[in-house]
Amino acid sequence: MAFKATLGFFAALTITALLSAGAARAEPVKLVGFGDSLMAGYQLPASDAFPVKLQAALREKGYEVEIANAGVSGDTSSGGLARLDWSIPDGTRGVILELGANDALRGIAPEETEKNLDAMLTRLKERGIAVLLAGMMAPPNMGPDYGERFNGIYQRLAQKHGATLYPFFLDGVVTKANLQLEDGMHPNTEGVDVMVQTMLPTAETFLKSITAGE
């Protein structure tokens, strides 16, 4: 009788351990979408913001992932740097870093933008947080000199820090009036859908790089 009781105890212990291991494996990968109004979902329902829709698209692909929305409308690279530490909670595995559009619109020196983004990438690396760097392009009205200085920022920083690069966050939307709000700068709901589908392969690669070896 004692033998059977002992056997039952160990069987229960084994089942509990297996269930616990399964629960651990099911723990979602926590990401943060960190950026400006393009990330925040300017003038859109919260459910239509880019991080929410990207999370849904990744889950449809079978990935266990949670993407928090840490976008702040009007944010510049200096504003992002100032709030980075408290906006990215412990336990975050990866950050989709999207900043620089407002810098370009305000004519901030590209060297300053690069310096701020460089500092953000450095801090995140120190915390062991992977980065998917979403690039931006300077508006044409800023002139060719400004554009040349600004547009190369993201490629250089991705190479320097070993970050995953998505060259242009507004790819597929920027020249399409039907995918933008009336201001001609921000995506509408359909525009966000296009952005998500266009970025999805890169986001999948990013997720796989985070979870490799688990």
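Contact here means heavy atoms within 4.5 Å, and helices (H or I, at least four residues) and strands (E, at least two) are DSSP runs numbered from the N terminus. The model is predicted, so that local features need pLDDT of at least 70 and side-chain atom pairs count only at pLDDT 80 or more, while totals for chains, interfaces and linings use all residues. Residues are numbered from 1 along each chain as its sequence is written, and side-chain values use heavy atoms, with hydrogens and water left out.

**View A. Surroundings of helix α3.** The buried residues of α3 (residues 50–60), with buried meaning under 20% relative accessible area (1.4 Å probe, protein chains only), are Phe50, Pro51, Lys53, Leu54, Gln55, Ala57 and Leu58. These buried residues pack against α2 (37–40), β2 (65–71), β3 (94–98) and α9 (189–211). After α3 comes Gly62, with a positive phi near 100 degrees.

**View B. Gln43 in the loop between α2 and α3.** Gln43, a residue other than glycine, has a positive phi near 60 degrees. Its side is exposed in the sense of over 50% relative accessible area, the value for Gln43 being 59%.

**View C. Packing of helices α4 and α6.** Helix α4 (residues 77–87) and helix α6 (residues 110–126) pack at an angle of about 20 degrees with their axes 9 Å apart, where axes are lines fitted to C-alpha atoms over the stretch in contact and angles run from 0 to 180 degrees between N-to-C directions. The pair is therefore roughly parallel, a term for angles under 35 degrees. Residues meeting across the contact include Leu81 and Leu84 in α4 and Ala119 and Met120 in α6.

Note on methods. Angles under 35 degrees count as roughly parallel, over 145 as roughly antiparallel, 65 to 115 as roughly perpendicular and the rest as oblique.
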